[in-house]
Amino acid sequence: MSKLQKALYELDRMERMARMRSPLHSLDPRAKLLVTLGFLFAMLSLPLNRLSDLMIFAIFPIISCAASGISYGYIFKRSLWVLPFIIFIGIFNPIFDREVVFLVGNVAITAGWISFFSILLRGVLSVQAVLILILTTGFYPLCRGIQQMGVPSVLATQLLFVYRYLFVLLQEALSMNRALTARGFGRQSFPFRTWGVLIGQLLIRTVSRAERINRAMLSRGFTGTIRSTVRFRWRSSETSYLIVWVVLFLLFRLFHPIETVQLFFPN
């Protein structure tokens with residue numbers, strides 16, 4: 001299986017996961033979106049030197065995976081894809097911030113290393129929270145939910161189209177890759193000029209196919225907004241879900257982990 005086929009398979013797998021049945025899947029997309037935003041705000045607002053306090057936020061993706069029936073190992077592996085970008089963001093912290101915070105034997109741990117690992121953990125947890133939101137909701141219901149929350153329909157529609165355009169782009173790239181392989185007789189390397197032509201042809205083919213899809217949508221009554229016969233209903237379960245997690249995020253943000261545990265278990 002080629003890399004393009006694997007990418008299409010992963011996108012299809014995400015769609016199938018979003019159609020699973022679980023307590024978390026059945027919740028209103030707006031409730032899950034608000035909880036995810038609360039998680040990101042509480043976690044990212046922590047100071048960089050509070051690395052130990054940051055670790056307790058890993059409870060959210062772990063519990064969410066258990067409630068949705070999705071393997072946390074799958075989420076964890078997918079979140080590691082962003083590590084190169086996160087490392088590039090924080091790699092200079094240990095170089096410029098050399099203030100010693102504590103010693104582990106004879107090894108000095110500086111504030112730069114603490115902030116570096118704090119950035120790594122924030123990035124991984126943020127990606128995990130967004131992945132869980134998409135895998136338990138689906139991109140179309142998510143866009144429909146943010147539209148019902150008052151987000152302009154133009155923005156919600158554009159987000160959905162960008163996501164759908166990924167399928168068009170990958171399918172056209174896979175078709176061109178098969179044609180290149182068939183005409184290259186197993187050849188793996190090609191000159192840069194060939195790749196430049198291929199990229200240009202890929203852009204032309206995807207834009208042309210997107211235009212055909214747009215004309216087909218217009219002929220079927222598309223007016224530029226997401227329309228659906230399904231209307232999301234906010235129930236008591238969504239309210240309880242939102243309140244419980246918001247309270248926990250506030251406790252995690254305002255208190256240290258040990259103090260938070262002592263609030264629930266004073267003895």
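**Helix packing and a buried loop residue**

In this structure, helix 4 and helix 12 cross in a right-handed sense. The model is a predicted one. The chain has 267 residues, and its secondary structure amounts to 13 helices and two strands.

**The chain as a whole**

- Buried residues make up 38% of the 267 in the chain.
- The accessible surface is about 16,500 Å², and carbon and sulfur atoms account for 68% of that area.
- Of the contacts between residues at least 6 apart in sequence, 77% link residues at least 24 apart.

**Helix 4 with helix 12**

- Helix 4 covers residues 59–68 and helix 12 covers residues 236–254.
- Their axes come within 12 Å and cross at roughly 155 degrees.
- Because angles over 145 degrees count as roughly antiparallel, helix 4 is roughly antiparallel to helix 12.
- On the helix 4 side, the contact is made by Ile59, Phe60 and Ile63.
- Helix 12 contributes Tyr241, Trp245, Phe249 and Phe252.
- By class, the residues of this contact are seven nonpolar, no polar and no charged.

**Helix 2 with helix 9**

- Helix 2 (29–44) packs on helix 9 (residues 139–148) at an angle of about 85 degrees.
- The axes of helix 2 and helix 9 are 8 Å apart.
- Helix 2 is therefore roughly perpendicular to helix 9, since that term covers angles from 65 to 115 degrees.
- Helix 2 takes part through Pro29, Arg30 and Leu33.
- From helix 9, the contact residues are Pro141, Leu142, Gly145, Ile146 and Gln148.
- The residues of the contact between helix 2 and helix 9 divide into five nonpolar, two polar and one charged.

**Leu27 in the loop between helix 1 and helix 2**

- Leu27 sits in the loop that joins helix 1 (3–18) to helix 2 (29–44).
- Leu27 counts as buried because its relative accessibility is 11%, and the cut-off is under 20%.
- Leaving out residues up to four places away in sequence, Leu27 touches Lys32, Arg235, Ser237, Glu238 and Tyr241.
- Leu27 and Glu238 are 211 residues apart along the chain, with 6.3 Å between their C-alpha atoms.

Definitions and conventions. Residues are numbered from 1 along each chain as its sequence is written. This is a predicted model: local features need pLDDT of at least 70, side-chain atom pairs count only at pLDDT 80 or more; totals for chains, interfaces and linings use all residues. Side-chain values use heavy atoms; hydrogens and water are left out. Axes are lines fitted to C-alpha atoms, for helices over the stretch in contact, and angles run from 0 to 180 degrees between N-to-C directions. Helices (H or I, at least four residues) and strands (E, at least two) are DSSP runs, numbered from the N terminus. Angles under 35 degrees count as roughly parallel, over 145 as roughly antiparallel, 65 to 115 as roughly perpendicular and the rest as oblique. A crossing is left-handed if the near helix is turned anticlockwise from the far one by less than a right angle, and right-handed if clockwise. Contact means heavy atoms within 4.5 Å. Ala, Val, Leu, Ile, Met, Phe, Trp, Tyr, Cys and Pro count as nonpolar, Asp, Glu, Lys and Arg as charged, and the others, Gly among them, as polar. Buried means under 20% relative accessible area, exposed over 50%, partly exposed in between (1.4 Å probe, protein chains only). Accessible areas come from the Shrake-Rupley method with a 1.4 Å probe; for residues, only the protein chains shown count as cover.
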